[in-house]
Amino acid sequence: MPKTSARLLALLSLLQARRDWPGALLSERLEVSPRTVRRDVDRLRELGYRIVASKGPDGGYRLDAGAHLPPLLFDDDQAVALAVALQTTAVSGADLGEDAARALTTLRQVLPARLRRRLDMLRVTAVETPAAPSDSPVGGQTLLALGAAVHACEVLRFDYPPETGPPRRVQPHHLFTRGGRWYLLAWDLERDDWRTFRADRITPRVPTGPRFTPREVPGGDLAAFVSARFRGSDTGWPCRGEVLLALPAAAVAPYVQDGLVVAAGPDRCRLVLGSWSWNALAAALARFDADLEVVGPPELSAAFTRLAERCRRAGSPRE
């Protein structure tokens, strides 16, 4: 039998992993008697954890939400900051997605009901990795107000400098981060089109407007649509080509960002990449310093011909 302290930690971990635990199942998982489980539950209660017991043949235990987050005491602003950080783990560069999701679930279970409802309205999508800390911080109250409007599907009115005049009226769709800044993706009711707004420039007005039926993001992929919008196109790069590279896929994948890399053998890969122009795309592919074969389209082959001629002239000795 494990020591009491280790057993208490194991019991607490189980209680945080799911909402309800039958007493018999806890006994089986911990390899102790039901009486020992009851005693350990009482010890956790003494430490400040609110554990609710249900009676009967199928009775069990549930870790309930309390007025604080025992034994760690966070105020509301700290809890919001932690929840936002866990939702944006995808942009940290670390492989922590699953761990962050479990941590967010654990945090939510012990939040006071009033704060849990507010955080449930705040859903964030991380589109790209920030290159540096944001120079345009946005207040937590603004994020909560935007998240609440998104969650409730209510028309949002807000002031947006440097524009003057009537407030903007939009159907808010989603909050996302990109390049160290927060943005709101919304359907602009005046311009009858999708728009992205920097959250740090938004001053929400109250009350919000009528409810609306959410629209489908073109293509169905929020991250792809937003990335394309920042490049100036709803459909992605205007020039997109495919090549076979004489390099393993693992050596190419870290450097292509939104490109597609597929292994074509131990030392070859298929690479699909986009750019603003065919010449720029050819130059981007040439930077891998490896033999390549153009799969298509013909415009890419022609761009390589032009690029090769320019490089030949640049390398020729001047008279």
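Predicted model: local features only at pLDDT ≥ 70, side-chain atom pairs only at ≥ 80, totals over all residues.
Figure 1. Ser 54 belongs to strand β2, which covers residues 51-54. Which residues does Ser 54 contact, once neighbours within four places in sequence are left aside? They are Gly 59 and Gly 60. Trp 21 is 33 residues from Ser 54 in sequence. In space, the two C-alpha atoms lie 9.9 Å apart.

**Figure 2. Leu 104 and Gln 87, from two helices.** Leu 104 sits in helix α5, residues 97-110. Gln 87 sits in helix α4, which spans 76-87. Along the chain, 17 residues separate Gln 87 and Leu 104. Their C-alpha atoms are 7.8 Å apart. Leu 86 is 18 residues from Leu 104 along the chain, with a C-alpha separation of 6.3 Å. Setting aside neighbours within four places in sequence, Leu 104 contacts Ala 83, Leu 86 and Gln 87. Is Gln 87 buried or exposed? Gln 87 counts as buried because its relative accessibility is 17%, and the limit for buried is under 20%. Leu 104 has a relative accessible area of 25%, so it is partly exposed.

**Figure 3. The largest nonpolar core.** In soluble globular proteins, nonpolar side chains tend to be buried together. How many residues make up the largest nonpolar core here? It has 26 residues. Those touching the most other members are Leu 146, Leu 156, Phe 158, Leu 184, Phe 197 and Ile 202.

**Figure 4. Leu 146 and its contacts.** Leu 146 is one of the core residues that touch the most other members. What does Leu 146 contact, apart from neighbours within four places in sequence? Its partners include three leucines: Leu 156, Leu 175 and Leu 184. Ala 199, Ile 202 and Pro 204 are also in contact with Leu 146. Leu 156, Leu 184 and Ile 202 are likewise named among the core members that touch the most others.

Figure 5. Rolling a probe the size of a water molecule over the atoms shows where empty space is left. How many cavities of 30 Å³ or more are counted in this model? The count is one. The largest cavity has a volume of about 30 Å³. Its lining includes Gln 171, Pro 172 and His 173. Trp 187, Trp 194, Phe 212, Pro 214 and Arg 215 also line the cavity. Strand β6, residues 168-178, supplies the largest share of the lining, with three residues. By type, the lining divides into five nonpolar residues, two polar and one charged.

**Figure 6. Two cis peptide bonds.** Val 206 and Pro 207 are joined by a cis peptide bond, with omega at about -5°. Where does Pro 207 lie? Pro 207 is in the loop between β9 (203-205) and α8 (222-230). Another cis bond runs from Gly 296 to Pro 297, with omega near 0°. Pro 297 is in the loop between β13 (292-296) and α11 (298-315).

Figure 7. Glu 31 is not a glycine, yet its phi is positive, at about 60°. Its place is the loop between α2 (23-30) and α3 (34-46). Glu 31 counts as exposed because its relative accessibility is 69%. Asp 192 also has a positive phi, near 55°. Where is Asp 192 found? Asp 192 is in the loop between β7 and β8 (193-198). With a relative accessible area of 53%, Asp 192 is exposed, as the limit for exposed is over 50%.

**Figure 8. The whole chain, for orientation.** The chain has eleven helices and 13 strands. It has 319 residues, of which 38% count as buried. Consider the contacts between residues at least 6 apart in sequence: 58% of them join residues at least 24 apart. The chain exposes about 18500 Å². Carbon and sulfur atoms supply 53% of that area.

Definitions and conventions. Residues numbered from 1 in each chain as written. Heavy atoms only, no water. 1 Å grid on protein atoms, 1.4 Å probe; cavity = no way out; pocket = protein on both sides within 12 Å on 5 of 7 lines; lining within 4 Å. Points joined across faces, edges and corners; volume = space filled by probe spheres on them. Helix = DSSP H or I, 4+ residues; strand = E, 2+ residues; numbered from the N terminus. Nonpolar A, V, L, I, M, F, W, Y, C, P; charged D, E, K, R; others polar. Core = buried A, V, L, I, M, F, W, Y, C linked by side-chain atoms within 4.5 Å. Buried < 20%, exposed > 50% of the residue type's maximum accessible area, 1.4 Å probe, protein only. Contact = heavy atoms within 4.5 Å. Areas by Shrake-Rupley, 256 points an atom, 1.4 Å probe, with all protein chains shown as cover.
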